[in-house]
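This report covers a pocket, a surface patch and a set of salt bridges. The sequence and model are shown below.

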Amino acid sequence: LDRVWHAEVQDIVSSALPGFLKDDPQGWLPYIQDWSLWLVTKRDVLTPSKAVALVDKTDPTLRVRHRALLARKLKQVDWIREQKEVWMNFGPWERRAILWAASALSRDERRAWLEPITASTDLVDASIAMKVRSLP
């Protein structure tokens with residue numbers, strides 16, 4: 001997708017994506033939702049408010065991961081801070097997305113929160129925490 005992306009594609013996708021995910025019978029298939037939400041978090045397909053609204057309406061099993069990636073992209077530190085108390089309640093992919101989203105926090109706040117996580121028994125969580133903690 002990145003190789004064929006250009007302005008015309010963005011205009012078409014921006015206008016069609018929300019309706020497709022809402023109204024098309026295939027729009028609610030988990031794979032289609034996952035791909036579409038990845039696109040929303042990777043590219044400026046929708047305005048920030050429309051992107052957040054779209055992600056918040058999706059399947060709960062996909063919502064948290066993509067919401068975390070979107071929060072990182074949009075630097076929505078309030079949403080990220082809300083997750084600091086509950087991030088361990090999610091599955092591995094969601095936890096790791098929340099940890100990665102912490103890169104939008106200030107360096108001091110990020111380091112203080114992620115320090116204990118670097119000693120986690122989950123090696124991937126600990127690795128992501130170490131990486132994000134070391135960012136400038």
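## Largest pocket

The lining of the largest pocket consists of P18, L21, K22, W28, K50, A53, L54, K57 and T58. This is a predicted model. Helix 1 (7–23) and helix 3 (48–56) each contribute at least two of the lining residues. By class, the lining has five nonpolar residues, one polar and three charged. The space in the largest pocket is about 170 Å³.

## Surface patch

Y31, W35 and W38 form a nonpolar surface patch of about 370 Å². W35 belongs to helix 2 (residues 30–42). W35 counts as partly exposed because its relative accessibility is 38%.

## Salt bridges

The model has 11 salt bridges. One of them joins the side chains of D44 and K73, at 3.1 Å from N to O. This pair links distant parts of the chain, 29 residues apart: D44 is in the loop between helix 2 and helix 3, and K73 is in helix 4 (residues 60–74). D44 is exposed, at 56% relative accessibility, whereas K73 is partly exposed, at 28%.

The side chains of R67 and D56 also meet in a salt bridge, at 3.4 Å (N to O). R67 lies in helix 4 and D56 in helix 3, so this bridge ties together parts 11 residues apart in sequence. R67 is buried, with a relative accessible area of 8%, while D56 is partly exposed at 37%.

## Bridge and network

R96 and D122 form a salt bridge through their side chains (3.2 Å, N to O). R96 is in helix 6 (residues 92–101) and D122 in the loop between helix 7 (107–114) and helix 8 (123–134), so the pair ties together parts 26 residues apart in sequence. R96 is buried, at 18% relative accessible area; D122 is partly exposed, at 21%. Salt bridges with shared partners connect D78, R81, K84 and E109 into one network.

Note on methods: Residues are numbered from 1 along each chain as its sequence is written. This is a predicted model: local features need pLDDT of at least 70, side-chain atom pairs count only at pLDDT 80 or more; totals for chains, interfaces and linings use all residues. Side-chain values use heavy atoms; hydrogens and water are left out. Patches are made of residues with over 30% relative accessible area and no salt bridge: like charges are joined within 9 Å, nonpolar side chains (Val, Leu, Ile, Met, Phe, Trp, Tyr) within 5 Å. Accessible areas come from the Shrake-Rupley method with a 1.4 Å probe; for residues, only the protein chains shown count as cover. A salt bridge is a side-chain nitrogen of Lys or Arg within 4 Å of a carboxyl oxygen of Asp or Glu. Helices (H or I, at least four residues) and strands (E, at least two) are DSSP runs, numbered from the N terminus. Buried means under 20% relative accessible area, exposed over 50%, partly exposed in between (1.4 Å probe, protein chains only). On a 1 Å grid over the protein atoms alone, a cavity is a set of points where a 1.4 Å probe fits but cannot get out, and a pocket is an open set with protein on both sides within 12 Å along at least five of seven lines; lining residues have an atom within 4 Å of a point. Grid points are joined across faces, edges and corners, and a volume is the space filled by probe spheres set on the points. Ala, Val, Leu, Ile, Met, Phe, Trp, Tyr, Cys and Pro count as nonpolar, Asp, Glu, Lys and Arg as charged, and the others, Gly among them, as polar.
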